[in-house]
Amino acid sequence: MAPDPNSRTGDAVDPAGDPASDVVRRLDDPDFPALTMSQAATLLGVQAAFLRSLDGSGVLQPHRSPGGHRRYSRHQLQLAARLRGLLDEGHTLASAEVILGLQDELADARATSDRLRDTVDRLRAGGDDAPSRSDEGDGWRVAP
């Protein structure tokens with residue numbers, strides 16, 4: 001998307017020429033850095049110093065505006081909220097990072113397992129076109 005030459009801010013516009021629809025599209029993007037530090041802190045119910053400490057430790061790296069101000073996306077706020085919850089339970093920042101990583105890995109593994117289970121169920125229900133285990137050899141074959 002090209003910048004709008006008539007825009008004072010140089011913001012990109014929707015290919016159809018509607019800057020309002022582009023704004024809505026960006027706001028729907030969970031990775032779009034739409035919130036300032038004070039807005040993010042208010043939404044999370046924390047002090048701005050908490051967000052600065054996450055940035056300083058490298059756990060959460062907010063986007064930066066051209067002027068150097070921190071900007072947070074919804075995805076980053078979700079991460080900060082999960083961290084805050086673990087810290088409130090008494091975990092150290094280091095252990096909270098590990099816990100979040102393991103929780104995310106488990107969620108990914110469960111999603112993969114569900115997809116594979118759905119594929120197996122679909123193939124079993126497919127009848128003649130479904131692959132079957134060959135009695136000879138160690139591979140799968142399509143039933144004749």
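Of the 144 residues in this protein, 20% count as buried, meaning under 20% relative accessible area with a 1.4 Å probe and protein chains only. This is a predicted model, where local features need pLDDT of at least 70, side-chain atom pairs count only at pLDDT 80 or more, and totals for chains, interfaces and linings use all residues. Residues are numbered from 1 along each chain as its sequence is written, and side-chain values use heavy atoms, with hydrogens and water left out.

On confidence: pLDDT, the predictor's score for each residue from 0 to 100, averages 79 over the protein, and 69% of the residues reach at least 70. Residues 1–14 have pLDDT below 50, and that stretch makes 21 contacts in the model beyond near neighbours in sequence. A contact is heavy atoms within 4.5 Å.

Next, the layout. The protein has five helices and five strands, taken as DSSP runs (helices H or I, at least four residues; strands E, at least two) and numbered from the N terminus. Their order along the sequence is α-β-α-α-β-β-α-α-β-β.

How do the axes of α3 and α4 cross? Helix α3, residues 48–57, and helix α4, residues 74–88, have axes that come within 12 Å and cross at roughly 100°. The two are therefore roughly perpendicular, the term for 65 to 115 degrees. Phe50, Leu51 and Leu54 of α3 meet Ala80, Leu83, Arg84 and Leu87 of α4. Those residues divide into six nonpolar, no polar and one charged.

How values were computed:
Buried < 20%, exposed > 50% of the residue type's maximum accessible area, 1.4 Å probe, protein only. Axes fitted to C-alpha atoms, helices over the stretch in contact; angles between N-to-C directions. Parallel < 35°, antiparallel > 145°, perpendicular 65-115°, else oblique. Nonpolar A, V, L, I, M, F, W, Y, C, P; charged D, E, K, R; others polar.
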